[in-house]
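Here is a short report for a first look at this structure. Please read it with the model open beside you.

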Amino acid sequence: MSTKTQWRRRAPTLAAHLAALTLTLIVAACGGGGGGGNSAQTGGTASDTAQTANGTVTGFGSTFVDGVEIEDATAAVMRENADGSTSPMALKLGQRVRVVHDGKGTASKITVDAAVIGAVSAISSSGSTTASFKVAGQSVKVSNDTSTGAITSYGGGYTGIADIVAGDLVEVHGSPVFDPAASAYAIQASRVEKQASIGAVRVMGKVSTLNATSKTFAINGLSVNYAAATLAPTTATLANDLIVAVWGPKNSLTTSGSTLTLAASRVRVMSGAVADSVTSGTAQIGGLVSNFSAAAGTLEIGGVKVSGLASATITPTGLTLASIANGSYVQVLGTFGNDGVLVASTVRVRQSDTAAGPATVRLVGAISSFVDNASFQVRAVPVDASAINVATACPTTTLADGVFVNVAAQIQAGTNVVKAVSLACPGVKLAFAMREIKGVASSVNTGSMSFTLTSTNPNTSATSTLSVQWSAQTVFTGVTSATLAGATVKVEGYLDAAGVLIARAIHTPGTEDQDRFDRPEPSVGGTGTSTMGMGWKDYDDRFRPGRH
């Protein structure tokens with residue numbers, strides 16, 4: 001089924017999706033054309049009995065994890081730090097996440113899990129669709145292979161492998177894949193983001209060659225010395241084949257001969273059910289297949305063993321167990337036992353379904369940084385909609401900042417802009433319809449965590465004010481609550497019933513990748529110059545090639 005066909009067949013209610021998903025992992029979106037119903041259900045929803053989800057962020061509306069929608073508006077989104085504390089995070093395309101939700105698709109906790117954080121070494125750019133480098137002894141492979149939908153996203157100023165330089169500090173997300181020839185796992189990167197600095201080196205992987213006497217073990221090409229490390233949970237016991245996350249100070253990597261060693265400060269043993277507060281139950285997990293055995297009906301995803309493939313439903317329709325192979329991207333719905341093995345009930349093969357579902361970026365929210373019908377942002381993601389006939393897709397709607405849209409798109413190689421393949425203007429907004437608004441902060445009250453945002457309409461120059469509320473979960477970038485007063489900021493959030501903008505993220509313009517694609521602001525001369533000194537034609541030439 002094509003993406004456009006799926007788009008037109010949206011389900012009228014969330015409940016209908018949840019009921020359908022007791023039978024399948026993901027359903028195609030169903031229903032009528034441009035309005036009515038729950039318009040966000042363009043990919044799938046989490047099973048009504050699921051408790052955890054582990055996979056790659058493929059969109060925002062809520063949050064889409066491998067194409068399955070999970071409501072995140074009231075969830076705590078965080079990363080775990082080296083000292084065991086947590087910090088609020090803004091979700092980005094390509095990140096790997098662990099989600100705990102209520103079984104009906106509403107998340108309570110989302111943990112962002114980088115596969116490795118550290119300095120780049122040993123860059124290889126051979127091959128037209130793949131390249132590799134190393135970080136903390138871990139092999140990282142990137143891809144722009146559109147035939148599988150497995151295109152690496154980039155951030156922090158990167159647009160591709162050519163931007164990466166040895167010594168760069170990076171945060172890498174991805175799915176570990178076992179390489180039999182190297183007898184080690186390599187990370188197939190879903191996102192590579194440059195970092196200005198890092199708090200600690202972090203490596204996530206499977207324990208091997210554990211030596212309890214010398215207090216060492218290996219994670220692929222890295223030797224870990226955990227003699228001085230704190231073990232979490234405190235009741236955990238290390239063993240070979242356990243999945244762990246390891247942190248060490250920035251200067252804790254040493255080399256002796258050909259051996260790279262990390263002096264770990266903390267080691268966390270990950271639970272089999274991939275979410276700390278849930279140790280068994282129904283779960284969704286997505287990633288690249290390793291150690292596949294058709295005879296045994298088993299495979300691994302990120303080191304997690306999956307069994308029961310012989311009796312599982314394989315989708316899309318018509319596929320069989322023979323359609324699965326090492327390196328395939330699959331999404332599994334099943335039940336975790338106390339042994340940490342996921343018994344599959346449904347397996348979806350993404351590489352045979354690249355036009356829809358987990359291979360498609362989903363963006364549901366209000367337009368911001370609107371330039372024209374071909375260039376705008378949704379949920380802080382730049383969109384190239386030049387392939388869309390807007391008159392047909394949204395016949396009764398004029399696109400502009402604040403207009404609620406539903407976009408299906410594909411990641412493109414060499415740019416942070418996604419290419420829209422479908423667009424709808426549903427008219428009916430979700431309870432948590434996300435939007436991004438730029439303005440000047442005033443009347444800041446750090447006690448009540450509130451301020452007033454004054455924004456200016458770029459077309460009419462008319463001003464308007466909005467009350468903003470932040471919380472401990474709000475992510476601040478380039479500004480703090482103490483420096484907020486008088487600052488020009490962008491606020492991403494949703495309007496509550498009283499019309500207050502509940503902020504999920506607040507940043508100053510120019511501090512996030514998507515800011516490069518903002519509409520250039522009008523100058524006195526009328527030619528249009530952005531805050532980065534870029535005129536309208538410069539903007540088009542740099543970010544919309546071929547449009548002149």
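The protein holds four helices and 41 strands. This is a predicted model. Of its 548 residues, 52% are buried. The protein exposes about 21,400 Å². Carbon and sulfur atoms supply 53% of that area.

**Inner space**

How many cavities of 30 Å³ or more does a search of the whole structure find? It finds three. The largest cavity contains about 360 Å³ of space. Its lining counts 25 residues, and the closest to the centre are Asn54, Pro176, Met204, Ile243 and Gly302. By type, the lining of the largest cavity divides into 13 nonpolar, eight polar and four charged residues.

Some elements give two or more residues to this lining. They are listed here with their residue ranges.

| Element | Residues |
|---|---|
| β7 | 96-101 |
| β14 | 169-179 |
| β15 | 184-195 |
| β16 | 201-206 |

**The disulfide**

The count of disulfides comes to one. Which residues does the disulfide join? It joins Cys394 to Cys425, with an S to S distance of 2.0 Å. The angle about the S-S bond is 85°, and the link of Cys394 and Cys425 is right-handed. This pair links distant parts of the chain, 31 residues apart. Cys394 sits in the loop between α3 (390-393) and β34 (404-410). Cys425 sits in the loop between β35 (418-424) and β36 (434-445). Are these two cysteines, Cys394 and Cys425, buried or exposed? Both are buried.

**One residue up close**

Thr315 belongs to strand β28, which covers residues 313-315. Is Thr315 buried or exposed? Its relative accessible area is 17%. Buried means under 20%, so Thr315 counts as buried. Leaving out residues up to four places away in sequence, Thr315 touches Thr346, Val347, Arg348 and Val349.

**In brief**

Methods: Residues are numbered from 1 along each chain as its sequence is written. This is a predicted model: local features need pLDDT of at least 70, side-chain atom pairs count only at pLDDT 80 or more; totals for chains, interfaces and linings use all residues. Side-chain values use heavy atoms; hydrogens and water are left out. On a 1 Å grid over the protein atoms alone, a cavity is a set of points where a 1.4 Å probe fits but cannot get out, and a pocket is an open set with protein on both sides within 12 Å along at least five of seven lines; lining residues have an atom within 4 Å of a point. Grid points are joined across faces, edges and corners, and a volume is the space filled by probe spheres set on the points. Ala, Val, Leu, Ile, Met, Phe, Trp, Tyr, Cys and Pro count as nonpolar, Asp, Glu, Lys and Arg as charged, and the others, Gly among them, as polar. Buried means under 20% relative accessible area, exposed over 50%, partly exposed in between (1.4 Å probe, protein chains only). Accessible areas come from the Shrake-Rupley method with a 1.4 Å probe; for residues, only the protein chains shown count as cover. A disulfide is a pair of cysteine sulfur atoms within 2.5 Å. Contact means heavy atoms within 4.5 Å.
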